[in-house]
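Please read each point alongside the sequence and the coordinates.

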Amino acid sequence: TLTEMELLIRRQLERAARSTRRTLNQPVEIVPVLRRMAHSLARLYAAEGVVFDVQGASALTLRIDERDLMELCGNLLDNAAKYGNGRVDVHVQAGSPGPRCPGVRILIEDNGPGIEADRFEELLLRGVRGDQRREGQGLGLAIARQLIEAYGGTISLARSTLGGAALHISFPPR
């Protein structure tokens, strides 16, 4: 709808303004944010019985705008819940050491059918949807990728130990 598009454009403009100040961001504790999001999504997907498990050191931080962290992880967790088969595991751990703080690695896994490796790059583009049976605009992965890259990070796909998709997000040390 027009309202959704206006909101999306406004968010993108805010993000562009913030990206010039990203080095000024205060450290955000990642695991508590992810646990709050998982709790909210578990309520949203209660009828489907989706179970979230978030593991990692609560004190691990990332210099990121908290709203950006919530938006990028919210999109990825929502996709895992929507396209998985009832289980979403999240692992947060320190990456390479840095002068001020270490890098961060986030792994989001589900037990769904997975994502075809040759379609992953295409799915990271705006408006491309992998499944027409569920509601969506095909923006979630594209927005997550844009946010991850704005903070110098990368996203890649692997096969989950649970059988579905495993998204590896890596942020560099600072």
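**Notes on the predicted model**

1. Glu-149 is partly exposed, with a relative accessibility of 46%; partly exposed lies between buried (under 20% relative accessible area) and exposed (over 50%), calculated with a 1.4 Å probe on protein chains only. Its side chain forms a salt bridge with Arg-145, the closest N and O atoms being 3.2 Å apart. A salt bridge here is a side-chain nitrogen of Lys or Arg within 4 Å of a carboxyl oxygen of Asp or Glu. Because Glu-149 and Arg-145 are 4 residues apart in helix H5 (residues 140-150), about one helical turn separates them.

2. On the basis of the values: this is a predicted model, in which local features need pLDDT of at least 70 and side-chain atom pairs count only at pLDDT 80 or more, while totals for chains, interfaces and linings use all residues. Residues are numbered from 1 along each chain as its sequence is written, and side-chain values use heavy atoms, with hydrogens and water left out.

3. The protein contains 5 helices and 7 strands, arranged along the sequence as α-β-α-β-β-α-β-β-α-α-β-β. Helices (H or I, at least four residues) and strands (E, at least two) are DSSP runs numbered from the N terminus. Of the 174 residues, 42% count as buried. Among contacts (heavy atoms within 4.5 Å) between residues at least 6 apart in sequence, 66% join residues at least 24 apart.

4. An open sheet of 5 strands has the order E2-E4-E5-E7-E6, with mixed pairing. Strand E2 (51-56) and E6 each have a single partner strand and stand at the edges, so one side of each lacks a neighbour in the sheet. From one strand to the next the twist averages 15°; axes are lines fitted to C-alpha atoms, for helices over the stretch in contact, and angles run from 0 to 180 degrees between N-to-C directions.

5. E2 pairs with strand E4 (residues 87-94) in the parallel sense over 6 bridges, two strands being paired if DSSP finds at least two bridges between them. In this pairing, Asp-53 stands opposite Asp-89 in E4. Helix H2 packs on the sheet and touches E2, E4 and strand E5 (104-110), its direction making about 175° with that of E2.

6. Asp-89 also takes part in a salt bridge with Arg-87, at 2.9 Å from N to O. Asp-89 is buried, at 6% relative accessibility, whereas Arg-87 is partly exposed, at 39%.

7. Ala-158 has Ala-166 as its bridge partner in E7. The two strands form a hairpin with 5 residues between them, and Gly-163 in the turn has a positive phi of about 110°.

8. The whole structure holds 5 salt bridges. One of them joins Glu-66 to Arg-36, with the closest N and O atoms 2.9 Å apart. This pair links distant parts of the chain, Glu-66 in helix H3 (residues 66-83) and Arg-36 in helix H2 (residues 30-44), 30 residues apart. Glu-66 is partly exposed at 33%, and Arg-36 is partly exposed at 45%.

9. The 18 residues of H3 should span 26 Å, and the end C-alpha atoms are 25 Å apart, which agrees; the expected span is 1.5 Å times one less than the number of residues. The buried residues of H3 include Asp-68, Glu-71 and Lys-82, along with Leu-69, Leu-72 and Leu-76.
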